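Dear colleague,

Please find the structure below, followed by an account of what was found in it.

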Amino acid sequence: RAGYLSVFCWLLSLPATAGDFEDPSRLSESARAALLTHLQQTAGKNLDAEVKMLPLDARLRLAACDGAIDHQVLIQPGGLGSATVKLICTGSARWTLYAPAQIAVFGETAVAAHNIDRGSLVQPGDIRYVRQNLSALGANYIDPAKSIIGLELKRSVREGEALRLSYLDEPKIIQRGDRVMLEAQSNGLSVAAQGMAMANGKVGERIQVKNAQSNQIVDALVVGPGRVRIKYN
């Protein structure tokens, strides 16, 4: 911004001559076209997006560029909600202009078909897909191509509320008190014993399991429904 302001103030001090300056509305439109092209290249040609360029100062006096104007798209961190197009005159004028924009990208995403409680496993009848502004959801929205059936909700959602990836987790396939098969491996040998889960667990989590024969409590890795594994060196 500081660079833009210095250029802007310098240009305002120049004497005005008809045809010597760029039309701000034309620059804004070229920035919009460059931004749309960038979005289509990065997100696909079927992208459903709306771009609104924020107004440039009508008093802006940029010397007419006698060379090509380069466009560099700068997407703001945290998603597609906003962007800036950097316009650079490669001619003798050598000016740089920053044109801010607001972006709305629309697409289908999953919403709750009814109220769903925390801890529920998502079933086909729990969700429906509606067109929404995905920019407002950031990278957290549920794409129709991604299956979320069987995942566990970490929080309750209301009917019509958009589901987000951060709301979902792999299900706890073992519940505290479940009888499990306790598999032990050591130097290529494998043995199994019955055990009882002392905590809930999902695949890849470590939980405590009580060996039904020895009553010893061990840390074990959940490897599947009703199966946990320990490894001895």
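**Strand S12 and its partners**

Strands S11 (residues 217-224) and S12 run antiparallel and are joined by 3 bridges; two strands pair if DSSP finds at least two bridges between them. Helices (H or I, at least four residues) and strands (E, at least two) are DSSP runs, numbered from the N terminus. The model is predicted: local features need pLDDT of at least 70 and side-chain atom pairs count only at pLDDT 80 or more, while totals for chains, interfaces and linings use all residues. Residues are numbered from 1 along each chain as its sequence is written, and side-chain values use heavy atoms, with hydrogens and water left out.

Gly224 has Arg227 as its bridge partner in S12. S11 and S12 form a hairpin with 2 residues between them, and Gly226 in the turn has a positive phi of about 70°. S12 also runs parallel to strand S8 (residues 179-186), to which 5 bridges join it; here Ala184 stands opposite Ile230.

In S12 (residues 227-231), Val228 and Ile230 point to one face and are buried (under 20% relative accessible area; exposed is over 50%, partly exposed in between; 1.4 Å probe, protein chains only).

**Nonpolar cores**

A nonpolar core is a set of buried Ala, Val, Leu, Ile, Met, Phe, Trp, Tyr and Cys residues joined through side-chain atoms within 4.5 Å. The largest has 22 residues, and Leu27, Leu35, Leu87, Trp95 and Leu97 have the most contacts inside it. Among the elements that give two or more residues to this core are helix H2 (24-43) and strand S4 (96-112); S4 gives the most, with 5 residues.

Yours sincerely
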